[in-house]
Amino acid sequence: AKSDRLQGRYYIYDVKTDKLNEIHTVCPWLKEEELAEMKPVEYKSRDGLTIHGYLTLPVGKEAKNLPVIINPHGGPWSRDYWKFKPEIQYFANKGYAVLQMNFRGSVGFGKKFLEIAFKQWGRDMQNDVTDGAKWLISEGIADSTRIAIYGGSYGGYATLAGMTFTPDLYACGIDYCGVSNIFSFYDAIPSYWESYRAMMYEMTGDPVKDSLLLREVSPLFHVDKIKSPMLIAQGANDPRVKKSESDQMVAALKKAGIKVEYILKEDEGHGFKNEANKFDLYKAIGKFLDENLK
């Protein structure tokens, strides 16, 4: 058994006695009643699309004027699910509401919903993220002066795009192994992705035929628009989003005079797996959010 507030509970069913016996609960010290509910929500994009997502509110807090973390998923051709997610519970426990949205291009919503996202990085895909934040403001749930954006991989790209293209919306941003420059991201595609290259060009943009578009939506070339502090985290051995994606963004932010904290771990790849590194990361994220949203 699993839920948004339960990592897992295991049972053995005895066919002779017709009884279900609990044998193990994952993390039994986490009490369901003390954890935050992840509630399905939906809102309209500016062009009339229904965007489905999940809103997690801090336990015991009224859904009014809250500090909020906008959390676009990675992929981008994947999706968020209703499930137990430790980092979401961590944020809620610290008093932050979290909005996850399945922007256009997310899978599981039909072929058309996927295809209308082609060549829309930083454009309509990003608008769906922005419109989620604006929906929370219009509903009175979000305090418009205390909104952060945080994501990993494509979610890291969406964080950089949000900070760059809608700089007045976010009080701070956290980019976790995100793409900053689509051209250099393509140049560093690992050999085991080579068969995927033509499909990526079709879905995201061709670096030659669509060069103007890709430059327009690569945050690295628009760092001068950023107004708020950033935290960037990266694994040095990341084969998918190379270290250079974060290195060049951090250098550009420093040159532009934007406050930036850089967490680089030499023994990590695409997303941190080492427990000590995870503790370092989430301590830093928690401190960064508290400094900029409270």
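**Exercise 1.** Determine whether Y13 is buried, partly exposed or exposed.

*Solution.* Y13 has a relative accessible area of 46%. Buried means under 20%, exposed over 50%, and partly exposed in between, with a 1.4 Å probe and protein chains only. Y13 is therefore partly exposed. Y13 belongs to strand β1, residues 9-14.

This is a predicted model, in which local features need pLDDT of at least 70, side-chain atom pairs count only at pLDDT 80 or more, and totals for chains, interfaces and linings use all residues. Residues are numbered from 1 along each chain as its sequence is written, and side-chain values use heavy atoms, without hydrogens and water.

**Exercise 2.** Describe the largest pocket by volume, lining and residue class.

*Solution.* A pocket is an open set of points on a 1 Å grid where a 1.4 Å probe fits, with protein on both sides within 12 Å along at least five of seven lines; lining residues have an atom within 4 Å of a point. The volume is about 1000 Å³. Next, the lining holds 30 residues, with K85, E87, Y150, Y176 and Y282 nearest the centre. α1 (86-93), β7 (142-152) and α9 (275-293) each supply at least two lining residues, and α9 gives the largest share, five residues. By class, the lining has 10 nonpolar, 11 polar and nine charged residues.

Notes. Points joined across faces, edges and corners; volume = space filled by probe spheres on them. Helix = DSSP H or I, 4+ residues; strand = E, 2+ residues; numbered from the N terminus. Nonpolar A, V, L, I, M, F, W, Y, C, P; charged D, E, K, R; others polar.
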